[in-house]
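Keep the viewer open while you read.

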Amino acid sequence: MLGGSISGGRTNVRVVVVGDRATGKSSLITAAATETFPEEVPPVLPPTRLPADLYPDNVPVTIIDTSSSLESRGKVAEELKRADAVVLTYACDQPATLNRLTTFWLYEFRRLEIRVPVIVVGCKLDKRDEDHHMNLEQVMAPIMQQFREIETCIECSAANLVQVPEVFYYAQKAVLHPTAPLFDHETQALKPRCVRALKRIFILCDHDMDDALNDEELNEFQIKCFNAPLQPAEIVGVKRVVQEKLPQGVSDLGLTITGFLFLHALFIEKGRLETTWTVLRKFGYNDEIKLKDDFLTIPFKKAPDQSLELTSEAVEFLKGVFSTFDTDKDGVLRNSELDDLFSTAPESPWGETPYKDAVERTPLGGLSLSAFLSEWALMTLLEPAQSLANLIYIGYNCGATSALRLTRKRLVDIKKQLTDRNVYQGFVFGPKGSGKSALLKSLLGRPFSENYAATTDEHYAVNVVDRLGGTKKTLVLREIPEDEVKMLLSNKESLASCDVAVFVYDSSDEYSLKRASELLMTVTRRGEVTGVMVPCLFVAAKDDLDSYPMAIKDSAKICQSFGIDAPIHISVKERDLNSVFNRIITAAEHPHLSVPETEVGRSQKQYRHLVNRSLMFTSVVAAVAVVGLAAYRSYAARKNTSS
């Protein structure tokens with residue numbers, strides 16, 4: 001693998017030079033810019049620019065000189081925080097300045113939270129006493145072990161123009177082709193995210209899918225990344241190098257994934273990071289070794305009351321992926337099979353909230369096809385760009401328009417009195433202890449538990465629900481803790497993503513019903529104010545407990561006052577769910593029904609109707625007057641003519 005490099009889209013690299021007084025900072029900068037040694041230099045140089053064509057990456061370098069005086073500490077700190085890389089100097093003829101690297105400067109960078117590459121530079125090499133010869137590698141090795149931010153060390157002489165350009169070449173290279181994302185110096189191995197990206201690239205280049213890159217595939221890879229073919233002798237040479245060091249790196253069919261990874265580790269160990277970075281960037285990766293944003297552009301302008309769903313094409317692709325990685329064909333993806341499936345993604349996307357506990361799992365933690373597709377549906381609903389990225393990571397080869405579909409606006413659905421969505425999101429409200437969490441767990445088929453823990457954070461449950469006629473819809477339930485309702489509703493568009501609001505109360509507790517009705521009032525009124533009205537359902541949980549005497553009458557009265565259906569009575573403990581999930585979806589499918597109204601809302605609605613009728617009446621009267629005036633003028637004209 002030969003060739004140049006690409007810089008990751010940067011148009012400039014800003015290097016800040018710091019160090020103790022009289023260590024040669026300004027002389028180093030001047031020598032780099034003019035290729036001459038200055039006899040006299042000012043205390044601090046103005047910003048100095050090295051032209052783009054000075055180094056192979058064709059990216060200019062801006063060098064910032066700094067003062068070593070105590071009164072300039074604040075300005076130095078400001079410059080360090082704006083740096084892409086830092087050149088830290090010591091004087092080869094002043095051992096005390098070398099000690100200051102570890103007693104002051106490197107700790108100061110950490111205190112200031114400077115997280116950029118550091119190039120340690122020994123200046124005035126020409127002035128070092130020959131009797132005090134120093135082995136740079138021996139001296140710096142323990143320092144670099146302690147301070148991993150040090151990218152490299154070099155000694156130079158501005159007076160003799162020795163290794164001066166190299167200083168800023170290494171600084172630029174550390175920014176454009178950083179080591180940290182690729183290689184772990186402690187383990188002397190490629191980092192996991194780098195391995196995952198290179199594995200994906202290998203699979204994309206293995207066109208015949210025989211787990212090896214043959215000579216033709218290697219050549220195509222070389223042309224794509226470096227715009228130049230490999231000669232037959234070069235291909236033989238590459239494979240020979242791998243085979244000598246790692247026999248399993250080459251098979252009869254070509255270079256294996258083991259050999260491919262070994263080659264990149266070898267490039268990095270030899271300081272040729274630009275080779276690996278060029279490969280990664282040609283395949284769309286950024287400096288964090290994730291796909292760049294322009295690879296994940298979603299060409300839909302989404303209104304707040306619209307959502308994105310997977311297309312049938314993407315769903316079929318996922319079904320194929322599920323089948324491929326279900327190696328034991330038991331209809332379940334075990335954790336090891338899931339890890340294998342996502343081994344070409346930066347990490348498994350479902351290891352953290354909100355996805356970690358959002359779907360039904362087998363006793364051993366595996367996912368059925370239904371649960372697998374439910375995770376994808378949730379990720380597409382909440383983070384469509386992330387969903388698209390992971391589709392691409394696992395091999396989906398088409399664009400966003402073939403993977404994602406934009407649903408209709410809910411306002412259009414209301415007018416049509418029907419929706420075309422396949423995924424519905426329900427917000428679950430209710431007071432503490434009402435049974436919200438139990439409702440979500442029952443959607444996932446989990447057994448009832450007597451252990452109660454108050455919900456403090458939002459969480460999700462998602463599953464596929466079988467509908468009458470054999471169709472399937474995906475239901476996402478989002479539990480809203482009681483204490484979070486006010487914050488949620490402070491955003492005027494917060495209800496726009498809600499297809500149906502579910503209000504859960506403990507049917508044995510009078511206060512719980514009262515509090516649920518207050519929440520219903522709050523949400524309804526907020527909807528009336530913002531114009532975002534959603535269907536609402538009342539759910540009477542814990543139906544296995546004895547209800548208080550007036551419970552049924554009180555709840556019916558509340559529902560009647562808001563103009564919504566009577567409560568749905570359920571008992572999660574006894575698994576008597578009364579088709580609650582189907583009824584939630586039915587309400588979502590008909591967004592013009594089950595929409596509550598407050599007395600204030602009804603009054604405002606009647607007032608608007610009266611105003612509209614008055615305006616209509618006024619318009620009709622005005623029209624009649626205009627017609628009458630026109631008729632009179634016509635009559636008068638005829639009369640004048642006859643006279």
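This is a predicted model: local features need pLDDT of at least 70, side-chain atom pairs count only at pLDDT 80 or more; totals for chains, interfaces and linings use all residues.

1. What is its strand order? Reading across, it goes 16-17-15-18-19-20, an open sheet of 6 strands with mixed pairing. The edges are strand 16 (459-466) and strand 20 (568-569), each of which pairs on one side only.

2. Have a look at strand 15 (residues 423-429). 7 of its 7 residues are buried, so the rest of the structure largely encloses this strand. Val423, Gln425, Phe427 and Phe429 point one way, Tyr424, Gly426 and Val428 point the other way, and all are buried. Note that the buried set includes Gln425 and Gly426 along with the likes of Phe427 and Val428.

3. Which strands does strand 15 pair with, and how do they run? On one hand there is strand 17 (residues 472-479), parallel to strand 15 and joined to it by 6 bridges. Two bridge pairs to click on are Gly426 with Leu477 and Gln425 with Val476. On the other hand there is strand 18 (residues 500-506), again in the parallel sense, over 4 bridges. Here Phe429 has Phe503 as its bridge partner.

4. Ala501 is bridged to Cys536 in strand 19. Helix 19 (residues 510-530) lies across strand 15, strand 18 and strand 19, and runs at about 160° to strand 18.

5. Now go the other way, to the hairpin. Strand 16 and strand 17 run antiparallel and are joined by 8 bridges. Asp466 stands opposite Lys472 of strand 17. There are 5 residues between the two strands of this hairpin, and Gly469 takes a positive phi near 90°.

6. Strand 17 itself has 7 of its 8 residues buried, so it too is largely enclosed by the rest of the structure. Thr474 is found in this strand. Is Thr474 buried or exposed? Its relative accessibility is 12%, and the cut-off for buried is under 20%, so Thr474 counts as buried. Setting aside neighbours within four places in sequence, Thr474 is in contact with Ala377, Asn422, Val423, Tyr424, Val462, Asn463 and Val464.

7. On to helix 20 (residues 551-562). It has 12 residues and reaches 17 Å from its first C-alpha to its last, close to the 16 Å expected. Ala551, Ser555, Ile558, Cys559 and Phe562 are its buried residues. Why do they line one face? Looking down the axis of helix 20, they fall within an arc of 95°. The face turned away from the buried side of helix 20 carries the exposed residues Lys553, Lys557 and Gln560. After helix 20 comes Gly563, with a positive phi near 75°.

8. Helix 11 (residues 312-325) can be read in a similar manner. This helix has 14 residues and reaches 20 Å from first C-alpha to last, close to the 20 Å expected. Ala314, Leu318, Val321 and Phe322 are buried in helix 11. They cover an arc of only 100° around the axis, which puts them on the same side of the helix. Turned away from that side are the exposed residues Ser312 and Thr324.

9. Last, the nonpolar cores. Which residues have the most contacts inside the largest one? That core has 76 residues, and the answer is Leu182, Leu198, Ile201, Leu280, Trp350, Phe372 and Trp376. A second, separate core has 29 residues, among them Val16, Leu101, Met140 and Cys153. As a general matter, nonpolar side chains in soluble globular proteins tend to be buried together.

How values were computed
Residues are numbered from 1 along each chain as its sequence is written. Side-chain values use heavy atoms; hydrogens and water are left out. A nonpolar core is a set of buried Ala, Val, Leu, Ile, Met, Phe, Trp, Tyr and Cys residues joined through side-chain atoms within 4.5 Å. Buried means under 20% relative accessible area, exposed over 50%, partly exposed in between (1.4 Å probe, protein chains only). The expected span of a helix is 1.5 Å times one less than its number of residues. The arc is that of the directions from the helix axis to the C-beta atoms. Two strands pair if DSSP finds at least two bridges between them. Contact means heavy atoms within 4.5 Å. Axes are lines fitted to C-alpha atoms, for helices over the stretch in contact, and angles run from 0 to 180 degrees between N-to-C directions.
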